Amino acid sequence: MHDIERNHIAVVAPSSPATLIGPAVHEQAMRRINAEFGLPPVEYPSAKEKLSAQQRANDINSASKQQHCKAIFAVVGGNDSITLLKHFNREVLANSRTPFVGYSDNTAIHNFLWKLGRTSYYGGSTQVQLGPGPFVDPIQSDSIKKVLEGTGSLELVKPSDYEVRGKDWRSPLALIEGGPRSPYPDYLWAGDRKISKGRSWGGCVQTLLQLAVMNELPTPQQLTSAILFLELSDEHIGDSNVLKFVRALGEAGYFHVVGAVLFGLPPHSRNQGAEQEARPHPSAATKLLRAVSREIGNYNDELPRVLGIPIGHLRPQYVIPYGGTIEVNGINRTVTVFYEPR
């Protein structure tokens with residue numbers, strides 16, 4: 001990509017070119033980027049066509065070198081971002097200050113940047129959070145604006161309701177209607193009532209499992225005093241397997257060194273696994289979160305933890321710093337995220 005002599009947002013597809021499935025949703029997302037954030041989107045080749053891992057990595061390398069690029073937005077997560085890691089230009093990415101914004105399978109990219117000492121931002125896929133439905137959720141818009149400003153903070157306030165799957169992107173209704181919503185359940189608080197503040201790390205459990213096999217996870221010692229955040233993909237692995245993963249983190253010693261744990265509200269639905277739109281199932285999600293909290297407590301019951309926050313695979317979601325600062329205040333029962341890059 002040649003040098004772009006104007007402020008803009010780069011749009012890339014690290015894994016899946018979901019725009020090919022819902023081109024009208026993609027085009028609406030591009031218009032909304034300009035309208036909501038006052039910056040024109042520049043679509044890189046991966047956003048419009050199926051490319052090799054090296055070509056997709058090159059899009060991120062190239063965007064990271066652009067002097068006037070204010071952020072790199074991922075179209076969607078996908079399932080093979082791990083294949084990009086060996087093609088990244090470490091020097092370019094280490095020296096870039098252009099924030100990368102994405103979630104789910106993009107956890108692999110966030111973890112790569114984290115190990116370079118970078119701050120990236122977890123959330124905000126254009127094809128899921130920006131393009132579909134009648135509008136961009138205010139929570140979404142406000143947190144992305146903070147990313148672009150590179151300053152300030154937001155408290156993760158519980159929304160009134162949420163959805164886990166919208167309309168089929170191929171349907172004209174996807175442009176004007178969201179998915180069915182349910183009332184948002186209360187956060188679950190446990191552990192010591194104190195203030196914990198630290199550098200964040202974590203992501204999507206399903207991708208972290210892949211990174212564990214690749215020996216790409218930080219050691220417990222590297223996460224001393226960190227704020228560990230986890231969330232689940234809508235590719236359900238079963239509640240028992242989630243608990244096994246949490247138990248493995250406990251056996252590895254993570255819960256004795258991190259400063260606090262955050263867990264996103266699981267995207268459980270009443271017709272889980274079905275292709276059609278699904279209504280959220282808050283009671284099933286809360287049941288799993290209570291079990292997760294108990295499992296963490298088996299290793300360190302004093303560890304502050306907040307479960308059910310709006311991150312990851314749901315709408316609305318907050319875009320939160322990955323490798324930036326998060327404060328968990330167990331006294332006032334607030335979670336605050338900071339948008340100043342480290």
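The model is predicted, so local features need pLDDT of at least 70 and side-chain atom pairs count only at pLDDT 80 or more, while totals for chains, interfaces and linings use all residues. Residues are numbered from 1 along each chain as its sequence is written, and side-chain values use heavy atoms, with hydrogens and water left out. The chain is assigned two parts: domain 1 (8–155) and domain 2 (161–338). These bounds come from an automatic or database domain assignment.

**Domain contact**

- The centres of domain 1 and domain 2, taken over C-alpha atoms, lie 21 Å apart.
- Domain 1 puts 47 residues into the contact, and domain 2 puts in 43 residues. Contact means heavy atoms within 4.5 Å.
- About 3,800 Å² is buried between the two domains, with 58% of it on carbon and sulfur atoms. Buried area is the accessible area (1.4 Å probe) that two parts lose on being put together, summed over both.
- Trp-114, Tyr-122 and Glu-155 supply 21% of the area that domain 1 buries against domain 2.
- On the side of domain 1 that touches domain 2, at least two residues each come from α1 (23–37), α4 (107–115), β5 (120–122), α5 (126–130), α6 (138–149) and β6. Helices (H or I, at least four residues) and strands (E, at least two) are DSSP runs, numbered from the N terminus.
- Helix α4 gives the most to that side, with 6 residues.

**Salt bridges**

- The structure holds 13 salt bridges. Each is a side-chain nitrogen of Lys or Arg within 4 Å of a carboxyl oxygen of Asp or Glu.
- Asp-80 and Arg-56 form one of them, at 3.1 Å from N to O. Asp-80 lies in the loop between β3 (69–74) and α3 (90–95) and Arg-56 in helix α2 (residues 53–65), so the pair ties together parts 24 residues apart in sequence.
- Between domain 1 and domain 2, the count is 3 salt bridges.
- Asp-137 pairs with Arg-315 in a salt bridge, with the closest N and O atoms 3.1 Å apart.

**Six-strand sheet**

- This open sheet has 6 strands in the order β2-β1-β3-β4-β5-β14, with mixed pairing. Two strands pair if DSSP finds at least two bridges between them.
- Strands β2 (41–43) and β14 are at the edges, and each pairs on one side only.
- From one strand to the next, the twist averages 30 degrees. Axes are lines fitted to C-alpha atoms, for helices over the stretch in contact, and angles run from 0 to 180 degrees between N-to-C directions.
- β5 and β14 are antiparallel and share 3 bridges. Tyr-122 stands opposite Ile-320 in β14.
- Helix α2 packs on the sheet and touches β1 (8–12), β3 and β4. Its direction makes about 160 degrees with that of β3.
- Helix α4 also packs on the sheet, touching β4, β5 and β14. Its direction makes about 150 degrees with that of β5.

**Eight-strand sheet**

- The order of this open sheet is β6-β16-β15-β10-β11-β12-β13-β9, with mixed pairing among its 8 strands.
- β6 (153–155) and β9 (188–190) are the edge strands, each with a single partner, so one side of each has no neighbour in the sheet.
- Neighbouring strands are turned by 25 degrees against each other on average, direction ignored.
- β9 runs antiparallel to β13 (residues 305–309), joined by 3 bridges. Arg-305 in β13 is the bridge partner of Ala-190.

**Backbone features**

- Arg-315 and Pro-316 are joined by a cis peptide bond, with omega about -5 degrees. Pro-316 sits in the loop between β13 and β14 (320–322).
- Ser-104 is not glycine, yet its phi is positive, near 65 degrees. Ser-104 is in the loop between β4 (100–102) and α4.
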